[in-house]
Amino acid sequence: MRIGIDLGGTTVRAGLVEDRAVRVVHEAATPADGPQEAVLDQIYALLDRLPVEQAASIGAGVPSMVDPATGVVYDVQNIPSWTEVPLGARLEARYDVPAHVQNDANCFALAEYHYGSGQGQSPMIGLIVGTGFAGGIVVNGELLSGHNCGAGEFGTAPYRDGIYEEYCAGLFFEARGTTGKAAFERAKAGDAEAQALFEELGTHLGRALTSVLCAVDPACIVMGGSVRHAHRFFEDAMWAELRAFEFPRMVDTLTIRRSALEHAGVLGAAALGLPGENRG
């Protein structure tokens, strides 16, 4: 039995993972604008509702850079007070259980590799396409997180007049005066303008994925995040860009799947305690 924490800018979740499934999960609003201790206290309040003392480990996924060796979290953009937080040490001191901390996109990739659509695939990328655009990389069964947990941050790569995240995620819709959710509802209702928006997003996403191919040459990409639900409106344009890539074998041998996991963040965080994981 292991415990997983999924810390987001709006919601924090803590769950108990046993026999490859989330058995219990609790969630609460993240006091993102509060002091550092207020966020920690919210995490503790959720953990105190779980049998932590019986767990083999605690894992935490956070939306920021992390030193996985020390469990220190740096500069969480959506939680301004979290500039440098020794989360791993704080959890171990309070609960006397081994604690591991990683970037949340890396946790998503671990969840898909161990429990989801990426099982047995290598290299495998878990790619979150939602509010943001980021991924985690698993090679030969091991997480490749990089020196600062920055491996897989594909959304920050330069593209056009900005970065890929501005064209492949929620910011793309915001810049056009709508939201991904609203555009999806309109597209389902047959709105041609909304459907065209998703086709444009698919073109940008396909170009982003060609950069991913150059960097990693994955066998499988598992797509998570809210935008994946609108796949039928963007995947043709996405694949058109991919098939124009100059190394066709890399595309022909690539599988792109959609995540079907519930509470992937909790599952992946809990998986940090598995043998061989949480490595840089």
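This is a predicted model: local features need pLDDT of at least 70, side-chain atom pairs count only at pLDDT 80 or more; totals for chains, interfaces and linings use all residues.
## Helix 6 against helix 7

Two packed helices are described by the angle between their axes and the distance between the axes. Let's start with helix 6, residues 180-188, and helix 7, residues 192-216: their axes come within 7 Å and cross at roughly 125°. That angle makes helix 6 oblique to helix 7. The crossing of these two helices is left-handed.

Which residues do the touching? On the helix 6 side you'll find G180, A183, F184, R186 and A187, and they meet E193, A194, Q195 and F198 of helix 7. Sort the residues of this contact by type and you get five nonpolar, two polar and two charged.

## A closer look at helix 7

Helix 7 is 25 residues long, and from its first C-alpha to its last it reaches 35 Å. At 1.5 Å a residue you'd expect 36 Å, so the helix comes close to that.

Now check out its two ends. After helix 7 comes D217, which has a positive phi near 55°.

## Helix 3 against helix 10

How are helix 3 and helix 10 arranged relative to each other? Helix 3 covers residues 104-115 and helix 10 covers residues 264-271; they pack at an angle of about 85°, with their axes 7 Å apart. Angles from 65 to 115 degrees count as roughly perpendicular, so that is the label for this pair.

From helix 3, the residues in the contact are C107, F108, L110, A111, H114 and Y115. Their partners in helix 10 are A264, G265, L267, G268, A269 and A271. By type, the residues of this contact split into nine nonpolar, three polar and no charged.

P123 sits in the loop between helix 3 and strand 9, the strand made of residues 124-129.

Next, find N140. This residue is not a glycine, yet its phi is positive, at about 50°. N140 belongs to the loop that runs between strand 10 (133-139) and strand 11 (142-144).

Technical notes. Residues are numbered from 1 along each chain as its sequence is written. Side-chain values use heavy atoms; hydrogens and water are left out. Axes are lines fitted to C-alpha atoms, for helices over the stretch in contact, and angles run from 0 to 180 degrees between N-to-C directions. Helices (H or I, at least four residues) and strands (E, at least two) are DSSP runs, numbered from the N terminus. Angles under 35 degrees count as roughly parallel, over 145 as roughly antiparallel, 65 to 115 as roughly perpendicular and the rest as oblique. A crossing is left-handed if the near helix is turned anticlockwise from the far one by less than a right angle, and right-handed if clockwise. Contact means heavy atoms within 4.5 Å. Ala, Val, Leu, Ile, Met, Phe, Trp, Tyr, Cys and Pro count as nonpolar, Asp, Glu, Lys and Arg as charged, and the others, Gly among them, as polar.
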